Structure formats: C-alpha cells, structure tokens
Amino acid sequence: MCIFPPWHQARLGEAEELKQEGNDLFRRGKWSEALERYRNGLALLPKRDSPPPATDEEDNSRPPEGEATGGASTETASQNEPIVDLSRAHECAKARSVLHANIAACHVKLGENGDAVKACTEALQDDPSYAKALQRRAQCNEKIGSWSALSSAKEDYNTLITLLPPSSEQVVEVKRSLRLLEPRIEATQKQEVGEMVDKLKGLGNSILGKWDSAKQKEIAKPSNPGRFGMSTDNFKFEPNGQGGYSLNFSR
C-alpha cells in the first residue's frame, strides 16, 4: 500500500498559495516581501530525502528490526514498511525546485548574486534538468566574475545546450554567452594566478631576504633569520602549456 501523509497534500496546497502570493508581489517589484512568501512556502514542504512521518495507517506496534514476535522474522516485518507515493514525492520535489528558483530570482533583483547561486543550486538538487535555474545560476556567476564562478557558468551553459531543443532561440543566446565567456575566463585566470604568485613572492621574500641592489642593503628586517641574499625574482613561473605553471630558478 502506498502511503503519503494527508497533511503533506494540505501543505502542498498552502505552499502553492504562498508561491502565488509571492509571484504577485514579485511582479509588483516587492522583492523582499516576495522572498519571504517563497521561503514560508518552502518551509511547509518536506525536506529533500526526508522519510515520511508515521501516520495512523502505519503499524507502529512492531518491534525494532532484529526482534521477532510470534515467530515473525525480520524479513517478514520489513515487508510491512510503508511505501512512499512516488508521484506525490515528485510533486514535492518539483514544488521545492520552483520555490528555490523563485527565491533565486528575488536575490537577483536585490543584487545578491551569491545567494542566488546557492538558491539555484538547491533548485537543481531536486530537478537537475531545470533549464531556468541553470541559466539563472550561470548569469549570476558571470556577474560574480571570479575564475571559479566563470568556469561554473561555462559548465552550466554547456549543460543547457544539451537540454534545450536544437531549434530553440535560447540555444543561440547560450552559445553567444559561451563565446563571450571564453576570453573572460582566460583573462581572469591569468589575473588571479598573477595575484596569487605576487602574494607567494611576498611571503617568499620575507623568508629569503630580498636585497636592494641599488642601496646594497637588505630590505627585510635584519633580525629576521633565514637570509639568503636572494629573492623570489630568482624563481620564474612559466606556463607549461597544459593549463598549469612550471617553476624555474635563475640567477
């Protein structure tokens, strides 16, 4: 027998009402209020992968697994476990996914791109093929603009191309975004690697003891041990042609 607690269905209805209220507020530009409605609706739904609570239809008098009564084996007892109605479980997952995506839309309007990315990720946990959530997450990661964010945006756009019909106008838009994204990823990678190398050089110079050739004196504090009369300028980071860098020493 398939069991789906009756209050789940009631809460699904309440969550839908809150979603509709949120949609109305969103259309009116009241994004913070819409965000509250969506969150309240989400709170009514069962969490992802949570087991259904016990209901009057379930037999709660059975002993724990491993304890037999009346000659019944553990295997026989387990056959009486309730089975979740998969269609209703899917309905809950879909409702959660849409609410998370709507929450992301509110964060976008409020300029909170990091929170929008997190909300889209939650939506995709319940519906991995949710095109709107994928595109919204990619666009938010583009706005964040870090190397990792831009790389994630590229992955989402590539996934979108596999999900959308080839004849869709959205595919053209996604491919255009990918073309524009490639040089940004390359430039941001070089910038962030350069910044990282500069920080490492600063740390290395404090250990090696960089010398000022013009003034013939050590820049670092003389009381700091470990002076070798060289700097990290003696070490060169060169691209290795495989997306990484090689470290070479020169005098």
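The chain's secondary structure amounts to eight helices and six strands, where helices (H or I, at least four residues) and strands (E, at least two) are DSSP runs numbered from the N terminus. Along the sequence, the pattern reads β-α-α-α-β-α-α-α-α-α-β-β-β-β. This is a predicted model, in which local features need pLDDT of at least 70 and side-chain atom pairs count only at pLDDT 80 or more, while totals for chains, interfaces and linings use all residues. Residues are numbered from 1 along each chain as its sequence is written, and side-chain values use heavy atoms, with hydrogens and water left out.

Of the chain's 251 residues, 33% count as buried; buried means under 20% relative accessible area, exposed over 50%, and partly exposed in between (1.4 Å probe, protein chains only). Contact is defined as heavy atoms within 4.5 Å. Among contacts between residues at least 6 apart in sequence, 53% join residues at least 24 apart.

A nonpolar core is a set of buried Ala, Val, Leu, Ile, Met, Phe, Trp, Tyr and Cys residues joined through side-chain atoms within 4.5 Å. The largest such core has 19 residues, and those with the most contacts inside it are Tyr 130, Tyr 157, Leu 160, Leu 164 and Leu 181. Two or more residues each come from helix H4 (86-109), H5, helix H6 (131-144), helix H7 (147-163) and helix H8 (169-208). H8 gives the largest share, five residues. A second, separate core holds 18 residues, including Leu 12, Ala 15, Ala 104 and Cys 106.

Beyond its neighbours within four places in sequence, Tyr 130 is in contact with Ser 97, Val 98, Ala 101, Ala 123 and Leu 124. Asp 127 lies in the loop between H5 and H6. With 15% relative accessibility, Asp 127 counts as buried.

The next topic is the pair H5 and H6. Two packed helices are described by the angle between their axes and the distance between the axes. The axes of H5 and H6 come within 9 Å and cross at roughly 155°; axes are lines fitted to C-alpha atoms, for helices over the stretch in contact, and angles run from 0 to 180 degrees between N-to-C directions. H5 and H6 are therefore roughly antiparallel, given that angles under 35 degrees count as roughly parallel, over 145 as roughly antiparallel, 65 to 115 as roughly perpendicular and the rest as oblique. On the H5 side, the residues making the contact include Cys 120, Thr 121 and Leu 124, and on the H6 side they include Arg 137, Cys 140 and Ile 144.

Thr 121 belongs to helix H5 (residues 113-126). Its relative accessibility is 28%, so Thr 121 counts as partly exposed. The C-alpha atoms of Thr 121 and Arg 137 are 7.5 Å apart, although the two residues are separated by 16 residues along the chain.

A search of the whole structure finds zero disulfides, a disulfide being a pair of cysteine sulfur atoms within 2.5 Å. Cys 120 is in no disulfide, and its nearest cysteine sulfur is that of Cys 140, 5.7 Å away. Cys 120 is buried, with a relative accessible area of 0%, and Cys 140 is buried at 2%.
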